[in-house]
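Here is a short report on the pockets of one protein model. Look at the sequence and structure first, then read on.

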Amino acid sequence: MSKIHAAITAVHGYVPDYVLTNKELESIVDTTDEWIISRTGIKERRILKGEGLGTSDMAVHAVNGLLKKRGITAEEIELIIFCTTTPDMPFPASANILADKIGAKNAWGYDLQAACSGFIFGLSTGAQFIESGKHKKVLVVGGDKMSSIINYQDRTTCIIFGDGCGAVLLEPNSEGNGVIDSILRTDGAGRQYLHQKAGGSARPASHQTVDNQEHFVHQEGQAVFKFAVTNMADVAAEIMERNQLTSEEVTWLVPHQANKRIIDATASRMGVGAEKVMINIERYGNTTNGTIPLCLWEWESQLKKGDTLILAAFGGGFTWGSVYLKWAY
Ligand SMILES: CC(C)(COP(=O)(O)OP(=O)(O)OC[C@H]1O[C@@H](n2cnc3c(N)ncnc32)[C@H](O)[C@@H]1OP(=O)(O)O)[C@@H](O)C(=O)NCCC(=O)NCCS
């Protein structure tokens, strides 16, 4: 019997309407359009506006679009893995909230927290449920409302992040397409460079934590950059070597969109030309868990059955990894 792989059989995404341009940021913090573009590659990002709207509200749009495309109902979904660093609330899981909002009455689900690597951790985890035969339809959602944890007075972080969400459906495939391999890594020692200090059990919210601005993203950009540029490139090269893939055989690199310079370094390490790299950072910035599914969504019409994709990410934690998958449709 041929091995069952977990194939992506549908993808959809959603970004909010509001466009926060570099020009507008120039009026908020001491920065310039030219600096932001040259250091990050970002021109604009989307922001979710509206009282009471959270990450799950973007996911509803992404998932409903996906279900429509695939021609299935929410009741057919068996498992929802919601990869996010900005859940609607500490508990219950955003997966539960999403299931309720879309009417996925037969699904169980949970949230997965691995910062910017969350989506590939979730994809790899979701694939196990398909490969084992436990489930036939698994939704992997990746999204963040980063604007909810960004300090718009901190020019080193507010220029980078944006809001957005994407989702993929995983189903069994016996033609050899789907998730073939993954390499996932964490190093908790990196937490000092990129974290949200308060709001967890170690430092619950208080007047003091709010006054100290400890509910915002704290990032030491240069340190994060150094780890990201090395580890993301290394892990992408490692998965190619392990699977004896040449750069010619790679159809697409789908990188986490943290910084254009990190993406370029990864592509160069893999020997992959710019024409094979999915990049939309200039329009969305870093949407954390949203970047990779949003790329897949935007490039969907160019993807062909059997295409070889290498997904690679690096994020807070630190977390990093890569996934090798063959496109199934
Ligand atoms: C954040 C980041 C864009 C900053 O770029 P950088 O080239 O490392 O810039 P530095 O932090 O060295 O700062 C260089 C100078 O620019 C200044 N600067 C920082 N942000 C600025 C901004 N928005 N506008 C203008 N100047 C800025 C700094 O204050 C510093 O000035 P100084 O030399 O007078 O002290 C970059 O470090 C980065 O992308 N890091 C990784 C981020 C990442 O991947 N995070 C997510 C992981 S998933």
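Which residues lie nearest the centre of the largest pocket?

## The largest pocket

Thr85, Gln113, Ile149, His195 and Gln196 do, among 28 lining residues. A pocket is an open set of points on a 1 Å grid over the protein atoms alone, where a 1.4 Å probe fits, with protein on both sides within 12 Å along at least five of seven lines; lining residues have an atom within 4 Å of a point. The space comes to about 790 Å³, counted as that filled by probe spheres set on the points, which are joined across faces, edges and corners.

Strand E9 (residues 194-196) gives the largest share of this lining, three residues. Strands (E, at least two residues) and helices (H or I, at least four) are DSSP runs, numbered from the N terminus. The largest pocket lies between domain 1 (5-175) and domain 2 (180-326), because both give residues to its lining. Domain bounds come from an automatic or database domain assignment.

## The second largest pocket

This pocket has a volume of about 480 Å³. Its lining has 24 residues, with Ile160, Gln219, Gly221, Phe225 and Asn259 nearest the centre. Helices H2 (33-40), H8 (221-242) and H9 (260-270) and strand E12 (308-315) each give two or more residues. H8 gives the most, five.

## Basis of the model

The model is predicted: local features need pLDDT of at least 70, side-chain atom pairs count only at pLDDT 80 or more, and totals for chains, interfaces and linings use all residues. Residues are numbered from 1 along each chain as its sequence is written, and side-chain values use heavy atoms, leaving out hydrogens and water.
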